[in-house]
Amino acid sequence: MKIQEADAKQLLVAQGLPVPPWEVARTPAEVRAAAERVLAAGADRVVVKAQVLVGGRGKAGGVRLADDAGEAEAIGRQILGMDIKGITVRKVLVAAAADIVKEFYLAAVLDRAARRVLLMGSAEGGIEIEQVAAERPDAIVRIHAHPTAGLLDWQARQMAFALGLGGHVRAAVAIARGLVATMVANDADLVEINPLAIVREPGGDGTFAERLVCLDAKISLDDSALPRHPALEDLRDLDEEDPTDRAARAEGISFIKLDGSIGCMVNGAGLAMTTMDLVKRAGGEPANFLDIGGGARSDKVASAMGLILADPNVRAILVNIFGGITRGDEVARGLIEARAMQARSVPMVVRIVGTNAEEAGRLLREARFETAASLDEAAAKAVAAARATSGAPTEVSSVS
Ligand code: GDP
Ligand code: MN
């Protein structure tokens, strides 16, 4: 689960990281009021930033500076409602504009292959790290944290010096360790600061001081660990969640959309992976990963069918159920119920084995479903059916 910059910054602050204060505004009037407070606190300028769960907001015109509250309000009016990479901006972050001396990149990511947290840093901050990785891979410094002790002080110092942050080594070490701490505390798989910036701030007596601060924050949380952090569930941005993902979550169905044309409905994650492999081996492309879970009743099967059919690319559906706690006849009833209600008719191939498979077979035959005895046969039939229907206009039944 990705969370918004403002929420990510909150998690950084909770770990003691230096983040300049901010406010969130949802209307141009709120932007003006926030800007007035920021300016009254002594800022010269205000930054207004779109809060959307995509990178490159700056390039898209979603990060703008204003000299006064009126300009901030006008910018707020432009950014709110703006479309950034297909997402409508509904809120903005308002803060004192930083006087940036230099931008860096620093992130903690989960390196699954190494089974460690990986700290990645670059002195080429501000721009997207993918671009740096593609053009100048040696400009990225990588340090694996210790598997149990976390990021050690000397490792953090090594990163600081490698980035040329020797003049800010204490702050850089604290930030590097704080990123790893934020990651561990929240079970995140990514905590990214881009830019981490040296900023110039007035010292009060007419002089200026330089300070290292987190100007942007991106955090991605491990969905599977969310039950351990009930409070983080509140940070889910329902405005930006895909409607199909939302429906799947509400039904307790694991669903991941893919690009192919064969919708798959399977019980069990391992069987779902295997089914996708077999579809590929038979020459097809799966349209999704879908695990209805153990013991699913007919209504859940019907919901799963709805999720699959919501994808216009689906040309055939392959149902593969291994009945253990899941009863085959329940699934068959769910399929029959779902087909009666579906607005779009697509060929379906069903393979059900295990608990109550005979009863399931009888129900499906009566309802004239295409069945298959083996998984290979089911995959082959589904791929053939998808080929036969692709390009043809989809049949729409009178029931909506
Ligand atoms: P992103 O484009 O979505 O990653 O959004 P960022 O928050 O990283 O902002 C993009 C760029 O805008 C940064 O790399 C900075 O160059 C610039 N920027 C962001 N905040 C400020 C600020 O407070 N002051 C100044 N001068 N520039 C900023
Ligand atoms: Mn950024």
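Q: Why is C214 called buried in this predicted model?
A: C214 has a relative accessible area of 0%. Buried means under 20%, so C214 belongs in that class.

Q: What makes C264 count as buried?
A: The relative accessibility of C264 is 1%. The cut-off for buried is under 20%, so C264 is buried too.

Q: How many disulfides does the structure hold?
A: The count is 0. A pair of cysteine sulfur atoms would have to lie within 2.5 Å to be called a disulfide.

Q: How do you know that the buried residues of α5 are on the same side of the helix?
A: Q155, A156, M159 and A160 are buried in helix α5. They cover an arc of only 140 degrees around the axis, so they sit on the same side of α5. There they pack against β8, β9, β10 and α6. After α5 comes G164, with a positive phi near 80 degrees.

Q: Why is R115 called exposed?
A: R115 has a relative accessible area of 74%. R115 sits in the loop between β8 and β9, and its phi is positive, near 55 degrees, though R115 is not a glycine. Most residues other than glycine have a negative phi.

Q: Why does N356 count as partly exposed?
A: The relative accessibility of N356 is 31%. Buried is under 20% and exposed is over 50%, so N356 falls in between. N356 lies in the loop between β19 and α11 and has a positive phi of about 55 degrees, without being a glycine.

Q: What makes the contact of R37 and E23 a salt bridge?
A: Their side chains meet at 2.7 Å, N to O. The limit is 4 Å, so the pair qualifies. R37 is in helix α2 and E23 in strand β2, so the bridge ties together parts 14 residues apart in sequence. R37 is partly exposed at 48%, and E23 is partly exposed at 25%. A search of the whole structure finds 33 salt bridges.

Q: How do you know that R112 forms a salt bridge with D189?
A: The closest N and O atoms are 4.0 Å apart. The definition asks for within 4 Å, and R112 and D189 are listed as a salt bridge. This pair links distant parts of the chain, 77 residues apart, with R112 in the loop between β8 and β9 and D189 in strand β11. R112 is exposed at 60%.

Q: Why are R362 and E366 separated by about one helical turn?
A: They are 4 residues apart in helix α11, which means about one turn. R362 is partly exposed at 37%, whereas E366 is exposed at 55%. Salt bridges that share partners join R327, D329, R333, E359, R362 and E366 into one network.

Conventions. Residues numbered from 1 in each chain as written. Chains lettered and ligands numbered in written order. Predicted model: local features only at pLDDT ≥ 70, side-chain atom pairs only at ≥ 80, totals over all residues. Heavy atoms only, no water. Buried < 20%, exposed > 50% of the residue type's maximum accessible area, 1.4 Å probe, protein only. Helix = DSSP H or I, 4+ residues; strand = E, 2+ residues; numbered from the N terminus. Arc of directions from axis to C-beta. Contact = heavy atoms within 4.5 Å.
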